Amino acid sequence: MSLSSYIFGILAALLTLTVVIEMLRRRRLRERHVVWWLIFGVLVLIVAVFPSSLVWAANLVGITVPINLVFFVSIIILFLVSLQQSAEATRLENKTRILAEETAMLEMRIRKLESERSRET
Amino acid sequence: MSPTWDDTLIVMPALNEQDSVGDVVSEVFAKLPGISVLVVDDGSTDDTASVARAAGAKVLDLPFNLGVGGAMRAGFKYALRNGFTNVVQVDSDGQHDPGEVPALLEELQTADLVLGARFAGVGEYAVRGPRHWAMTVLAGVLSGLASSKLTDTTSGFRASGPRAVTLFAEHYPAEYLGDTIESLVIAARSGCIIRQVPVAMRPRAGGVPSHNPVKSAVYLGRAGLALLISLMRPRVELSERAVPV
C-alpha cells in the first residue's frame with residue numbers, strides 16, 4: 001500500500017467522523033440516530049490507521065480476501081441504519097395519526113363552543 | 001323498539017362522499033330517530049364535512065387522510081370519550097341499509113362484535129372468481145379464530161359493544177385491510193364474542209366492484225399478508241374497565 005492511499009484512508013475516516021460529530025453537536029441529528037454512524041466512522045478510522053487489523057479480523061472470521069470483510073460490515077451497518085429509519089417512520093406515523101385525531105376532536109369542541117356562545121350573545 | 005339508542009353511535013367514515021353522505025345521514029335519522037351520528041371526514045377535499053353537518057350529523061374533521069381504519073379508530077375514541085358504549089359502523093356511500101341497525105344491536109346484547117354479513121342468504125350481492133376464493137379462505141380462518149361461523153369477514157357494516165369499543169379505541173389497526181381483517185383477529189384473540197347477522201347489501205351509489213384478475217391477486221396477497229402479520233402480533237389484553245361516564 002502506498003503512502004498516499006494510507007493518508008487518503010485516514011482522511012476519509014476523519015471526514016466521516018467529523019461530519020457525524022458536527023451534526024450531532026449542532027443538534028441536527030439526535031444521538032439515538034447517530035450510534036451506527038459513529039460505530040461506522042470509528043471502525044473505518046481503526047482500519048485506516050492500522051491496515052493490518054483488517055487482515056487480522058478477516059483471518060479471524062475465515063474470510064480470504066480482507067476487502068470482503070469491509071463490504072460485509074458496511075452492508076450490515078447500512079441495513080441496520082435503514083431498518084432503524086423504517087421503525088422511526090412507523091413511530092412518527094403513529095404520532096401524527098394521534099395528533100390528527102386530537103386536532104379533529106378539538107376542532108369539533110371549538111365549533112360547538114363557538115356556536116353555543118354565538119347563541120348566547 | 002329503541003331501548004339502547006342513547007348509548008349507540010353511528011360512525012361513518014367518509015372520503016369525498018359529498019354526493020351521498022347527506023342522503024345517507026338523513027336516511028339514518030329517518031329510520032332510527034334520535035340516534036347520534038358521527039361522520040368522520042377522512043381528509044376529504046370536497047364538501048363532505050359541511051354536507052354532513054347540514055344533514056344533522058356530528059362531524060369529526062380529520063386534517064388529512066388516515067384510511068378507513070384510522071377514521072374508525074378516531075370514531076371509537078370519540079365514542080369512548082363521549083359516553084357511547086356501542087358503535088355501529090355504516091358506510092357513507094349508501095351501501096348499508098340503516099334499517100338493519102336494530103338487528104345488529106339486538107344481536108350485540110349477547111356479543112361484543114356483530115358483523116352484517118352480505119352472503120348469508122339475504123340480498124343479491126355477489127362476488128366471483130379469485131376475490132371470492134380469497135374471501136372464503138379468510139372467512140374460514142377467521143371463523144376458526146372466533147369460534148363462530150363468519151362468512152363475510154370484509155364487511156364494513158358492523159356493530160361493536162362496550163368491550164370492543166374500549167379495545168378498538170386503542171388498538172384499531174390503521175393499516176390497509178386492518179380495519180376488516182386485523183381488527184377481527186385482535187378482537188377474537190382478546191376474547192371478544194363475534195357473531196354475524198345476515199343483511200342485504202345495496203349496490204354502491206358510485207363505482208362497481210373490480211373483477212380485474214391482477215387486482216384480485218394483489219388483494220389476495222395483501223389480505224393473506226395482513227392476516228399472517230396480525231396473527232404474529234402479540235395478543236392484546238382486554239381490560240375490564242368501567243364504562244366512562
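In strand E4 (residues 86–89) of chain B, Asn86(B) and Val88(B) point one way, Val87(B) and Gln89(B) point the other way, and all are buried. Burial denotes 20 or more other C-beta atoms within 10 Å of the residue's own, with C-beta atoms placed from the backbone. In a regular strand, side chains alternate between the two faces of the sheet. The model is predicted: local features require pLDDT of at least 70 and side-chain atom pairs pLDDT 80 or more, whereas totals for chains, interfaces and linings use all residues. Residues are numbered from 1 along each chain as its sequence is written, and chains are lettered from A in the order in which they are written.

Strands (E, at least two residues) and helices (H or I, at least four) are DSSP runs numbered from the N terminus, and two strands pair if DSSP finds at least two bridges between them. E4(B) runs parallel to strand E1 (residues 8–14) of chain B, to which four bridges join it; Val87(B) is the bridge partner of Leu9(B). With strand E6 (residues 158–160) of chain B, E4(B) pairs in the antiparallel sense over three bridges, and Gln89(B) stands opposite Arg158(B).

Helix H7 (residues 178–189) of chain B has 11 of its 12 residues buried and is therefore largely enclosed by the rest of the structure. The buried residues include Gly178(B), Ile181(B), Glu182(B) and Leu184(B). Just after H7(B), Gly191(B) adopts a positive phi of about 90°.

Between the chains, eight residues of chain A are in contact with 12 residues of chain B, contact requiring C-beta atoms, placed from the backbone, to lie within 7 Å.

Technical notes: Two residues are in contact if their C-beta atoms, placed from the backbone, lie within 7 Å.
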